[in-house]
Amino acid sequence: MTSSRDKGISSPAKLSRTAMLLGAALMLSYLESLIPLPLPLPGFKLGLANIALIICFEQISPLSALFLQILRISISALLFGSPTSLWFSLAGGAASYIVVALFYAFLRKYVSELGISIASAAMHNMGQLAAAAIIFSSAAVFNYLPWLLFASIIFGSITGIICRLVNKAVYEAENRRKTVIEKI
Amino acid sequence: MRKIKPLGGDYVVIAVVALAAALSLILTLPGNTAGSTVVVNSPGGVSVYDLFEDAEFDVEGADGIVMTVVIKDGSVFAAESGCPDRLCVKTGKISRPGETIVCLPAHIIIGIEGKNEGGEHDFVAG
């Protein structure tokens, strides 16, 4: 199984794809900040921006995904966040980047976007809680851990399914392009 | 062509996260014992109130956010808050040891402690 990153896509193509994904990630972050959550779970988010991160891992490269994650967090904190929310997103973003990177490095054969997305959502929440525990210097925030983990399974599945549909559509489009080029 | 069906590892991930959730739920479940004190942890420091003495006071949090806390009939709730998401107000009343009201933007945690101080749950104040 060869992924698109092994097919010698030129660097400008990678760059523009990463930039497009960054734009999409920022739009998803904004969309997320508009949706009020009915759940009394502090720090809980839908994790829509995770979709862009996983697509970037799948189709471009871990390094591009790292740039995407850092830029997405800093730009969205500047645009829609507060100084406090920056620390929470950084902790959550770092945790979720690391877990997705580990899955892509070692376990991608056994786990699809669905499982990766759930693991990433769970680690994002745990990273945020750890940041909150440090900022509050209190472990009481961990009372929310079970609910955040249950929520990660549900919302991680939704974002994971979206990732898989997008990745599949992109691979099919690439295959079509390849057959057209072969015919010529 | 790549597969669309979930792979075996996906079920493992779901099982591990669900197990972690269940375990942490058991560990953090609020006790059935009655609480006795209210601990308010804010950037200004930690203060302790009697749960059975009705009171209403303002707590100053980070970024100039002020939260109005009400203690009434053995339970506590955030009546009003200047924070953007107001999750603290939506949390509603808490009365059992281990339950908490958290306001992330204001850096305020309100917790209930039981009769036996410490040990009962992981409320590390300070």
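This is a predicted model: local features need pLDDT of at least 70, side-chain atom pairs count only at pLDDT 80 or more; totals for chains, interfaces and linings use all residues.
Reader: Over how many bridges do β4(B) and β5(B) pair?
Author: Strand β4 of chain B covers residues 66-72.

Reader: Which are the edge strands of the open sheet in chain B?
Author: That sheet has three strands, antiparallel, in the order β3-β4-β5.

Reader: Why is β7(B) largely enclosed by the rest of the structure?
Author: Look at both sides of the strand: B:I108, B:I110, B:I112 and B:G114 point one way, B:I109, B:G111 and B:E113 the other, and all are buried. Buried here takes 20 or more other C-beta atoms within 10 Å. So β7(B) is largely enclosed because of its buried residues: seven of the seven.

Reader: Which residue in the turn between β6(B) and β7(B) has a positive phi?
Author: β6(B) and β7(B) pair in the antiparallel sense over four bridges, with B:I101 opposite B:I110. They form a hairpin with four residues between them, and the one with a phi of about 60° is B:H107.

Reader: Which element of chain B gives the most to the side that touches chain A?
Author: In the contact, 35 residues of chain B meet 34 residues of chain A. Elements giving two or more residues from chain B are α1, α2, β6 and β7. The top giver, with 12 residues, is α1(B).

Terms used: Residues are numbered from 1 along each chain as its sequence is written. Chains are lettered from A and ligands numbered from 1 in the order in which they are written. A residue is buried if 20 or more other C-beta atoms lie within 10 Å of its own, exposed if 12 or fewer, and partly exposed in between; C-beta atoms are placed from the backbone. Two strands pair if DSSP finds at least two bridges between them. Two residues are in contact if their C-beta atoms, placed from the backbone, lie within 7 Å.
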